[in-house]
Amino acid sequence: ASFTISLHKADNTTVTIKLRPGLSPSCRIYVKNVKWSELKIKPGQNVTFTFSCSTPEKYFIAEIQKNIDCVSGPCPFGDVHLYPPGLPRLNRTYIWDVKASTKAGLELKFTTSWLRQIEPGETCPDSISYNINSCIDKATVNIGTFCRNGSVSRVKLLGGVVMSLHLPWHSPLTTSGFNIANRASIKRLCIIESVLKGKSSITLMSPNYPLGFPEDELMTWQFVIPPNMRASVFFHNYSLSNCERKEERVEYYIPGSPSNPEVFKLSDSQPANIAGSFNMSLQGCDQDAQNPGVLRLLFQVVVQHPQVDENVTHLVDLSKEKNMTVTIHSEGWPSHIPLMSEPICLICKDPRTCDRVLTLTSGAVYRISFLCKDLSRLRITAEKGIGCMDIRWCQRKIYSLSVPKAITRLPIRLYKFIWNLLATDLINVEIMSPSLKLQQHVPEQRCNTSYSYSIVSATPETELNVGVFCPGGSIEKIQMRNNITISLKTFGRGFINESVPQDLKMSFVPHIKDECIFTVSPNPKAKVYLQTPNWPYGLPPYVSVSWFIVVPSRQTARLGFSKDRMGIACETGRAYVNIKEELLGAEEVVRREDELLPQPRNMYHNFWVNVSNCKPVDKTQLTLQFWVTFADKQIDLGIILAMVAGAVVLTAIGLTVFCVKKKKKKTQNPMVGVYNANVNTQMPGKKGLFGKGRQNNESHVYAVIDDAVVYGHLLKESNGTVTPEVDVYRPFDGPMGSLPPSPPPFSFRKDIKRSSVTEEEPLPLMDIDQDTYTFAHQKSGQSEDNGDANKKDEGDTSVPLLENKEQDDLAE
């Protein structure tokens with residue numbers, strides 16, 4: 001098909017047909033049998049052309065530019081038409097370049113459909129978009145890019161304007177949709193009028209967004225609001241430039257306000273619940289020439305009906321609280337706040353200070369109200385800090401970790417309450433739940449309560465997710481090192497009723513050796529599942545965790561592991577599982593990472609389970625789960641028969657003695673004893689050789705002591721030589737206390753600090769090295785020189801089964 005374009009000279013219009021950027025000229029334009037890649041038709045020309053392909057819209061675009069002079073001649077007010085007609089069906093861009101004086105600005109009025117501003121890079125649903133640029137002298141400012149079907153009805157600009165309309169090749173649009181209304185001096189960069197009808201939400205941006213608002217400029221938005229509606233302004237994204245003079249600010253002209261204009265900083269909460277139409281202006285400043293910075297603003301205006309409960313206030317008394325903040329927000333905050341959400345919920349500190357997020361701080365009393373028809377969409381997130389820098393001042397103090405009543409009384413669901421427990425390196429945190437106790441959330445034993453606690457320990461080296469816990473379990477207390485974060489999270493409205501008997505408490509305690517110690521006191525009829533922290537990702541390298549399990553009297557505990565092996569291979573050090581009953585002389589069971597874990601075994605007294613990690617070879621970390629069940633103690637029948645037989649024998653002996661004594665009393669005369677004080681009761685004998693008795697002289701003191709007398713217990717049968725010391729693991733055989741069994745010393749596991757030295761396998765266990773590391777203890781009274789640095793004085797009642805790393809470092 002051939003096309004003919006005829007341009008009148010008076011129209012001052014130029015048509016350019018050119019290839020799409022980046023495409024090769026596989027399709028050409030033919031004018032009188034001459035091939036062209038680009039065709040430019042100037043005013044006064046009449047050109048007929050054809051395309052060498054049947055789908056020219058894939059290769060070519062059309063640009064139509066019309067120059068309008070409103071400075072030297074009359075300005076053509078009225079509708080702006082799409083000219084010329086008869087263009088081929090290509091993607092088209094119409095450009096109207098209107099020259100005007102800065103003393104007489106231009107007003108563009110949109111007639112067929114109002115406009116909606118979009119962010120740079122965003123596209124319109126129908127692919128039809130407008131772009132408005134203001135031209136002041138030689139400077140050009142991009143007012144914005146707009147789609148159809150919005151609220152922007154008019155735009156007034158200072159000086160000239162370049163208006164662009166982008167149409168896709170298939171668009172049936174035949175009118176521009178705007179007109180040049182009049183000329184009027186506005187003494188500011190631009191004025192954008194937005195008309196909002198009924199419930200609605202619009203998003204607007206400052207000119208040149210996001211590149212930056214022009215220096216020391218002023219612009220205004222005029223919002224037309226129905227009289228029976230309320231409007232609220234929210235700033236979502238803004239930045240400030242570096243001002244040398246003046247101050248960047250936002251000014252509001254609100255009908256009925258006693259202090260027009262009302263001035264706000266961009267960082268302030270903006271006015272809300274505004275009745276009627278209002279103006280909002282953005283004022284820039286004189287910027288630093290060396291480092292100007294960027295002033296930009298993206299904001300939202302929400303219009304909705306007045307709320308029924310806007311006059312209902314709720315008292316929130318935080319005057320007695322310390323280091324606490326309470327944030328009331330919409331569901332999904334802060335990760336998800338839709339800009340166009342309908343309807344919107346507002347939280348107000350006073351009738352005009354409202355926002356979708358309101359933060360209250362401790363030490364004050366607030367009266368808040370809610371502009372929201374559905375309060376179930378609101379949530380509360382609170383945070384409280386508790387710290388201890390000196391153990392002398394806080395060791396005996398017990399802190400209650402319960403949600404204050406000022407929060408639970410609000411008609412809003414508590415979403416999360418966070419306690420940040422801060423302590424120095426030598427102070428640890430102990431969390432207790434004396435009456436409810438805690439249950440660890442594991443796959444085999446899930447929490448089904450309306451709330452749970454997530455506990456995270458943050459040491460300087462690593463962050464350890466201790467686990468998720470809920471009330472109604474077996475864990476009485478948890479001791480952890482360094483700073484702790486406890487997050488209470490709710491799962492419904494039932495929290496208000498279930499949380500009444502909250503008994504979670506905490507205190508600061510002296511330094512502990514393990515990363516974490518659990519004290520577990522199970523119900524005798526329960527089956528308890530426990531797992532290592534940081535599940536399912538595994539314990540961090542070189543972390544040690546202990547559990548102290550309380551076995552009820554007249555009960556037997558059965559301990560078992562959920563898998564056969566630890567499932568890791570160590571690159572540095574060794575991983576261990578230690579099990580020991582809290583009983584003098586009890587055997588200790590130790591397993592390494594390359595050995596099978598113990599089979600289910602019975603424990604008759606309180607016992608410890610310790611898990612110590614190494615540095616694994618690959619990314620697979622140490623994860624262990626074990627369970628504990630209880631049963632009544634069974635008395636062996638043989639023991640019962642032996643006891644009965646023993647009782648019968650004792651009874652027979654007693655009867656025999658009784659009968660003999662009775663018979664003697666009948667046959668013998670009673671004996672009479674007379675005391676004579678003059679009789680010498682000393683037996684006769686020879687006089688001693690020494691003037692003093694042995695206890696009074698020094699005849700029993702040796703002048704020289706034979707080594708064999710003192711060290712004879714160390715001599716072995718191998719030709720009287722002393723067995724050399726070797727670095728092997730030995731069981732502890734001393735008095736028991738309340739401390740957990742510790743992992744083997746780092747000299748045995750492989751000290752982390754020796755990374756510069758070539759590492760070797762641990763020393764063999766001499767002749768007693770067997771597949772299982774279960775050691776029988778010596779009989780009481782024996783002593784032995786242990787190659788481990790494990791010696792304790794007889795009066796030492798501490799129970800670390802193996803020395804800690806500090807002692808091992810000294811041994812080096």
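Here are a few notes on this predicted model, from the whole chain down to single residues.

1. Overall make-up. Of its 812 residues, 44% are buried. Take the contacts between residues at least 6 apart in sequence: 80% of them join residues at least 24 apart. The accessible surface is about 43900 Å², and carbon and sulfur atoms account for 52% of that.

2. Have a look at the four strands ordered S18-S27-S20-S24, which pair antiparallel. S18 (200-205) and S24 (274-275) are the edge strands, each pairing on one side only. S24 is held to S20 (residues 230-241) by two bridges, and Ala231 sits opposite Ile274 of S24.

3. Two cis peptide bonds. Tyr83 to Pro84 is cis, with omega near 5°; Pro84 is in the loop between S8 (78-81) and S9 (91-99). Asn260 to Pro261 is cis as well, with omega near -5°, and Pro261 falls in the loop from S22 (249-253) to S23 (262-264).

4. Positive phi at Lys32. This non-glycine residue has phi near 55°. Lys32 is in the loop between S3 (29-31) and S4 (34-36). Its relative accessibility is 76%, and the cut-off for exposed is over 50%, so Lys32 counts as exposed.

5. Positive phi at Tyr542. Here phi is about 65°, again in a residue that is not a glycine. Tyr542 belongs to the loop between S45 (528-531) and S46 (544-549). With 22% relative accessibility, Tyr542 counts as partly exposed, because buried would require under 20%.

Technical notes. Residues are numbered from 1 along each chain as its sequence is written. This is a predicted model: local features need pLDDT of at least 70, side-chain atom pairs count only at pLDDT 80 or more; totals for chains, interfaces and linings use all residues. Side-chain values use heavy atoms; hydrogens and water are left out. Buried means under 20% relative accessible area, exposed over 50%, partly exposed in between (1.4 Å probe, protein chains only). Contact means heavy atoms within 4.5 Å. Accessible areas come from the Shrake-Rupley method with a 1.4 Å probe; for residues, only the protein chains shown count as cover. Two strands pair if DSSP finds at least two bridges between them.
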